[in-house]
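Q: Please show me how to read a structure feature by feature, with the general idea first and the case at hand second.

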Amino acid sequence: MIVKEDFTICRNPEFTDTDWTGEAKYIISDDSELAVKIEDYINNGIFFKFIEVNGGVDIVETDLPEMSIDSKIDCLKLRLMEIDNKTTRPLRAVVSGEGTEEDNKRLGELEKEAKSLRDELNYLESGEIDETYDI
């Protein structure tokens with residue numbers, strides 16, 4: 001696991017204790033106490049932030065997640081890819097004539113979410129973000 005300069009976390013199971021990106025600020029061993037703590041926070045929906053301690057890094061619980069605009073853009077793009085993957089089966093069923101009401105409903109829900117995400121993504125990528133936007 002690596003922590004980048006903007007404190008985003010990246011993992012690669014093939015390179016667990018090395019900076020395969022060349023962008024790491026910190027390298028955290030996947031079997032370390034800190035990695036276990038990070039996983040626990042993530043799995044339990046606890047927001048946290050990184051803090052520097054004695055030349056290293058730790059995490060502390062926080063009320064609000066910290067996220068850069070670039071990180072938010074990455075998250076939006078990832079969710080859009082997930083939505084694309086989730087539409088494959090119901091769309092295939094509908095196109096083949098085997099679709100159900102549930103397939104149509106699911107496709108509608110996914111498209112509604114995707115449209116909202118695309119609108120937000122376009123806004124963020126425009127570079128014209130006003131101070132009221134809450135990341």
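A: Happy to. Let's begin with a single side chain and its surroundings.

Q: Does K115 count as buried, partly exposed or exposed?
A: Start with the scale: buried means under 20% relative accessible area, exposed means over 50%, and partly exposed lies in between, using a 1.4 Å probe and protein chains only. K115 has 45% relative accessibility, so it counts as partly exposed. Keep in mind that this is a predicted model, where local features need pLDDT of at least 70, side-chain atom pairs count only at pLDDT 80 or more, and totals for chains, interfaces and linings use all residues. Residues are numbered from 1 along each chain as its sequence is written, and side-chain values use heavy atoms, with hydrogens and water left out.

Q: Which side chain does K115 meet in a salt bridge?
A: The general idea is that side chains of opposite charge can pair when their charged atoms come close. The rule here asks for a side-chain nitrogen of Lys or Arg within 4 Å of a carboxyl oxygen of Asp or Glu. K115 meets D119, at 3.0 Å from N to O. Both residues lie in helix α3, four residues apart, about one turn of the helix. D119 is partly exposed, because its relative accessible area is 41%.

Q: How many salt bridges does a search of the whole structure find?
A: The search finds 13. One of them joins K77 and E125, whose closest N and O atoms are 3.3 Å apart. That pair links distant parts of the chain, with K77 in helix α2 and E125 in helix α3, 48 residues apart. K77 has 40% relative accessibility and so counts as partly exposed; E125, at 43%, is partly exposed as well.

Q: What about the salt bridge of E113?
A: Its partner is R79, and the closest N and O atoms are 2.8 Å apart. This pair too links distant parts of the chain: E113 is in helix α3 and R79 in helix α2, 34 residues apart. E113 is partly exposed at 31% relative accessibility, and R79 is partly exposed with a relative accessible area of 22%.

Q: How should I read the confidence of the model?
A: The protein averages 86, and 94% of the residues score at least 70. Helices (H or I, at least four residues) and strands (E, at least two) are DSSP runs, numbered from the N terminus. Confidence is lowest in strand β1 (residues 2–4), at a mean of 82, and highest in helix α3 (residues 101–126), at 94.

Q: How far does helix α2 reach from its first C-alpha to its last?
A: The expected span of a helix is 1.5 Å times one less than its number of residues. Helix α2 (residues 69–95) has 27 residues and reaches 37 Å, close to the expected 39 Å. Helix α3, with 26 residues, also reaches 37 Å, close to the 38 Å expected for it.

Q: Where is the kink in α2?
A: A bend at a residue is the angle between axes fitted to the seven residues ending there and the seven starting there. In α2 a kink of about 35° lies at T88, shortly before the proline P90.

Q: Which residues of the two helices are buried?
A: In α2, the buried residues include I73, L76, L80, I83 and T87. In α3, they include L107, L110, A114 and L117. What covers the buried residues of α2 includes α3, and what covers those of α3 includes α2.

Q: What does T87 touch?
A: Contact means heavy atoms within 4.5 Å. T87, found in helix α2, touches L107 and L110, not counting residues up to four places away in sequence. T87 is buried because its relative accessible area is 17%.

Q: Last one: how many disulfides are there?
A: A disulfide is a pair of cysteine sulfur atoms within 2.5 Å. The count comes to zero. The sulfur of C10 is 11 Å from the closest cysteine sulfur, in C75, which is too far for a bond. C75 itself is partly exposed, with a relative accessible area of 40%.

Notes
pLDDT is the predictor's confidence in each residue, from 0 to 100.
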